Each structure stands twice: as C-alpha cells, then as structure tokens.
Amino acid sequence: MTLQDRPPLDEEAIDAITRLPKAELHLHFEGAAPPSFIRGLAKEKNVDLSGIFNADGSYAYRDFVHFLSVYEAATSVLQTPEDFARLCTAFLEECAANDVVYAETFLSPDFCGGGDVGAWREYLHAIREAAEAAEKANGITLRGIVTCIRHFGPEKAKAAALCAAETAGDWICGFGMGGDENKGKQRDFAYSYDMAREAGLKLTTHAGEWRGPEEVREAVEDLGVERIGHGVRVIGDLATVDMLIEKGVTLEVCPGSNVFLGVFPNLDQHPIDRLRERGVKVTVSTDDPPFFHTTMRREYAALAKTFRWDADVFTELNRTAMAAAFCDEETRAKVLKTIENARTA
Ligand SMILES: [Zn+2]
C-alpha cells in the first residue's frame, strides 16, 4: 500500500506504537553512552569535558567533523573493563525505558584492550556480568557483535577477528565492521570475515551509508554478510535492491542517524518505506542514540507519523529483526514470544 492510501494515525495510536516491545540490531556500545554517564565518569577521573555539552546536558556539536571530535572526547574517559561494565548498565537502562526487549551491540576489541585476546576477555567478562544483571532487573536481552574498524586497516581487523573467534559463543554471536566507509574496500577484510565465519559467527558490515549501491553489492558478494548496517543508499540502483531481496539480506536501518548526519535531508525523503514496500527486509535501530538526539521511541513515533505505519507494520519489523538476530534459537523464540504477546494482550 502506498503512503497516500494509508490513513494517518492519531496521537493515541502513535503513543501505543512507541510502547511496543522492540528489537534493536544496530547499536554501538560507546555510542550509546548517556551524556550524564560520561559527565559523571569524567568528573571521577578529573577530565574536563565541559566543552562537549549543551546547556541542557546533551552532546553539542556544529557539524560532522566536530561530532567526531566530541564522540572521541566523550569516549576517551572509557578506559577500564569496569568503565565498560558501568556503561553497559547505564545504556541498558535507557534501552529498557524505551521498551527494547532485545538488543545487539557492536563492541570493538581495539577499544577494549587494544586487540589483545587476554585483555579483551577481561573486558568481555565485565560487560557480560553487567548485561546479565540488567536482564534480571529489566528483562532486556543483550548480545554482542565484535567489530573491526575499517579505517584502522585489514591487519588490525585480523586481531579483532581473532578476539571474536576466541570468544564466539552464545553471547558473542556476530562479527562486523564499522568506521570510515570511504577507506579501502570491503574485500580487504575478507580474511577476517572468513576467520569469523569459521568460528561460527554471523556476519554484518556497515555499507551503503555514505557510499552507493556498489558498496552494498560488494559487502554481500565479497564478504558474504547476511545483514548490512544501513545499506540505505542501495536505493540508487534497483537491480542491487532486488539482489538484496533475492538473497534475503536484512538491512539494519537507522533513520534518525541518517537524517541527523545528512545522508538524507529529512525523514520524508528517507528510502526505508520504499525499500520495505519493494520487499527488502528492513529493521529499525538508533546507531548512537544520544549523539543523534534520538531513542527507539522517537524513531517509532517519527516513522509512524511520516509513513503512517500502524502497529502491524512495527510488529512485522520486530519479527524481521528477530528472524535476522544473531542469537541462538532458544533466545530468538523467547523474545519473539514477548513481541507476539504484546499484540494479543
Ligand atoms: Zn553504525
């Protein structure tokens, strides 16, 4: 059904949609840091970060380049396994407050022990303990995707892939790549992706956020990923869109992030609705929520308003997300039950 044929939703319907249980597949661990948490940690460590906050306490920046330096400054106070564990507790509270019941987070060994397997294990142990406590307290399930950083190059990626392979299991269930999409090629990282695949990990990569459809095609053909972070610029070539449909690739779409960073000028012009209408498996995530002044509830409200998506559409998005989740079958079934129960309650 095209947009014109859908009835607009009233405030009450939109409010109900924002309270649906949600699955989120694309969330950067450090990028999820609430500003209040970073301010507190900076104070403890006697680091002056006053310049990176607005008067209302949110992160402040003028443009994309400035955003990168604010992000770097904010995350510079995250230094020990204990810091990461506390951050995990803090951001899972935010997720739970947004009715997120399942999340997968990108964790980079480069920032957790510098790519050393022994150090990585210590960070991971602390983070998992925090995640398990949050699951007991809030019922939210978290799983980890080890990510290499594209602009650090293929050699560093191999160290990240080794960390991933050594800790692959029921919690670390995927391997991915973030960083600057304009540096190098997807295939430069094929060795690391092969290592991760052989360790039983599921695969995703950032592609088609800044570069076009060709990048998305290369991600699928050269790395064999089953999910793509963003992928939205694939809309520029319908043959590649259809390749995604044919291969059943799921897109981790982050509409608020894309609009905030200027990938698309506004949500009306964002292709998520067109991709979904054509048959692409799309899901919704926040990417680095406090940095883009967004939350899962705000994403749902904006999408419901702009594209007139009703509760059925959002439930379908969450089913798609759980079908593409990298967790084990038992976890998948448990979360799906929560999502289905919310609709029949
Ligand atoms: Zn991302």
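The chat below goes through the overall build, the domains and the sheet of this predicted model.

Me: What helices and strands does the chain have, in numbers?
Reply: The chain contains 14 helices together with eight strands.

Me: And how does the radius of gyration sit against a compact globule?
Reply: A compact globule of 345 residues would come out near 20 Å, and the chain has 19 Å, so the two agree. The C-alpha trace spans about 55 × 45 × 45 Å along its principal axes, and buried residues account for 45% of the chain.

Me: Which domains are assigned?
Reply: Domain 1 covers 3-33 + 81-344, and domain 2 covers 35-77. Their centres, taken over C-alpha atoms, are 24 Å apart, and the contact between them draws on nine residues from domain 1 and eleven residues from domain 2.

Me: What kinds of residues does domain 1 put on the side that touches domain 2?
Reply: On that side of domain 1 there are six nonpolar residues, one polar residue and two charged residues.

Me: Switching to the sheet, what is the strand order?
Reply: It is an open sheet of eight strands in the order β1-β2-β3-β4-β5-β6-β7-β8, with parallel pairing. The edges are β1 (22-28) and β8 (281-284), each of which pairs on one side only, and neighbouring strands are turned by 25° against each other on average, ignoring direction.

Me: How many bridges join β3 and β4?
Reply: Strand β3 (residues 141-149) pairs with strand β4 (residues 172-178) over six bridges, in the parallel sense, and T147 has G176 in β4 as its bridge partner.

How values were computed:
Residues are numbered from 1 along each chain as its sequence is written. This is a predicted model: local features need pLDDT of at least 70, side-chain atom pairs count only at pLDDT 80 or more; totals for chains, interfaces and linings use all residues. Domain bounds come from an automatic or database domain assignment. Two residues are in contact if their C-beta atoms, placed from the backbone, lie within 7 Å. Ala, Val, Leu, Ile, Met, Phe, Trp, Tyr, Cys and Pro count as nonpolar, Asp, Glu, Lys and Arg as charged, and the others, Gly among them, as polar. Helices (H or I, at least four residues) and strands (E, at least two) are DSSP runs, numbered from the N terminus. The radius of gyration is taken over C-alpha atoms; the globule rule is 2.2 Å times the number of residues to the power 0.38. A residue is buried if 20 or more other C-beta atoms lie within 10 Å of its own, exposed if 12 or fewer, and partly exposed in between; C-beta atoms are placed from the backbone. Two strands pair if DSSP finds at least two bridges between them. Axes are lines fitted to C-alpha atoms, for helices over the stretch in contact, and angles run from 0 to 180 degrees between N-to-C directions.
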